[in-house]
Amino acid sequence: MSVLSTGLGDRLVSTDVEAKAFDQLPVIDLSRLSSTNFEDRKALANEIQRASIDIGFFYISNHGIPQEVVDEAFEQGRLFFEQPTEKKMLVDLQKSDAFKGYAPLKGENVDPASRGDVHEAFDIGDDSQTMKDGKGNGNLWPPSADLPQFRPAVEKAFNEVMALGKRLLPLFALALDLPEDFFDQQTKNPGSTFRLLSYPPQYGEVDLKEIGIGAHQDYELYTILAQHGDVQALQVLNAAGEWVMAPPKRGTFVVNIGDQLQRITNNVFKSTVHRAINRSGQSRMSMPFFFGLDYDAPLKVLPNCVSESRPAMYEEILAGEYVEKRLAETYIRVEEKEGEEETPKKPLIG
């Protein structure tokens, strides 16, 4: 076992490279989400409550997003990542106001014990999201002359998954015994990020300090993840400190609880540690959507998650300030030239 430092404290983690099959990861059918019967919606919320408490991860099916929207975004992502490096660096995230754009191989590091994550990334956010100083979101797009369908496909997927994230809010509210509209005032302009990720295959002896993405927790309310094809890489840490598999299932998304939900529920819901190791012999792609509270919404423990025997474990902080802090810890500073000072990272919320 080893100790992993996270934004919510230290976790005990197995040092095993291989992960066990995880047949217990539930698949939650969202068909009842549109039911006019409250008891149907409450029963669905109860399934989410159990998965959020016990595991922190689950699949969702019948979510309402056409598969062709997901497939086209993956195809455009593949075309983007296959470009020469100089083309991709035209949208280097260092040029963005808010961690948006292209991150090269090992340009991020979510696990402080690692030497850089072995993947490339392209990130966008909501163009209507503004920071405290009035700056825009900072989205960067590759030239349409090179990839004419890239922006339309990625924006379409972003909008579809954003809408799904909002549809899930009433379920999480019910799962916490709150009114279905409880989160509405805190998610008028969700502080969210949508990513395209490309993981090259890795060979030879496994070095846990250089894997697809190191062991980490996500920072927002919850993550909605699409996995491409049948390439297995995602591993989830169970309560025994063992790594278990979360294999791709076509037509589903993986949902996992993030730090914001763990904080406001006073550790009732689990922000679960996970990682990706691609030993498949082929490239792997995924698309996570990190759905969070408005940047100016307070992260404070819910009253119904506090008692005399379970006092509040977290001090209040703005959602955006928390995410900015975690992002600043993730991205590796890049020196522009040898001997010059490191390039400072751009602020998330001004």
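Let's start in a loop: N266 sits between α5 (259-264) and β13 (274-276). In this predicted model, N266 has 0% relative accessibility and therefore counts as buried. Leaving aside residues up to four places away in sequence, N266 touches V301, C305, V306, R310, P311, A312, M313 and Y314.

Now for the wider view. The protein has six helices and 16 strands, and buried residues account for 55% of its 350 residues. Of the contacts between residues at least 6 apart in sequence, 76% link residues at least 24 apart.

**The sheet**

Eight strands form an open sheet with mixed pairing, in the order β3-β4-β12-β9-β14-β7-β6-β5. The edges belong to β3 (27-29) and β5 (101-103); each has a single partner strand, so one side of each is left without a neighbour in the sheet. From one strand to the next, the twist averages 25 degrees.

| Strand pair | Sense | Bridges | Residues facing each other |
|---|---|---|---|
| β3 and β4 | parallel | three bridges | I28 and I60 |
| β4 (57-61) and β12 (253-257) | antiparallel | four bridges | Y59 and V254 |

How many residues of β4 are buried? Five of the five are, so β4 is largely enclosed by the rest of the structure. F57, Y59 and S61 point one way from the strand, while F58 and I60 point the other way.

**Helices across the sheet**

Helix α2 (residues 67-81) lies across β5, β6 (120-125), β7 (193-199), β9 (222-227), β12 and β14 (284-291), and runs at about 115 degrees to β14. Helix α4 (residues 150-175) lies across β4, β6, β7, β9, β12 and β14, running at about 135 degrees to β9.

Helix α4 also meets another helix. The axes of α1 (residues 38-54) and α4 come within 8 Å and cross at roughly 75 degrees, which means that α1 is roughly perpendicular to α4. On the α1 side, the contact involves F38, R41, K42, L44, A45, I48, Q49 and S52, which meet L171, F172, L174 and A175 of α4. Sorted by class, this contact has eight nonpolar, two polar and two charged residues.

**The nonpolar cores**

Which residues have the most contacts inside the largest nonpolar core? They are L30, F122, F172, Y222, I224, F253 and L261, in a core of 78 residues. Helix α4 gives the most to this core, with 14 residues. F172, named here, is also one of the α4 residues that meet α1.

A second, separate core has ten residues, including I55, F57, L234 and V254. Two of these names take us back to the sheet: F57 is one of the buried residues of β4, and V254 in β12 stands opposite Y59.

Definitions and conventions. Residues numbered from 1 in each chain as written. Predicted model: local features only at pLDDT ≥ 70, side-chain atom pairs only at ≥ 80, totals over all residues. Heavy atoms only, no water. Pairing = 2+ DSSP bridges. Helix = DSSP H or I, 4+ residues; strand = E, 2+ residues; numbered from the N terminus. Axes fitted to C-alpha atoms, helices over the stretch in contact; angles between N-to-C directions. Contact = heavy atoms within 4.5 Å. Buried < 20%, exposed > 50% of the residue type's maximum accessible area, 1.4 Å probe, protein only. Core = buried A, V, L, I, M, F, W, Y, C linked by side-chain atoms within 4.5 Å. Parallel < 35°, antiparallel > 145°, perpendicular 65-115°, else oblique. Nonpolar A, V, L, I, M, F, W, Y, C, P; charged D, E, K, R; others polar.
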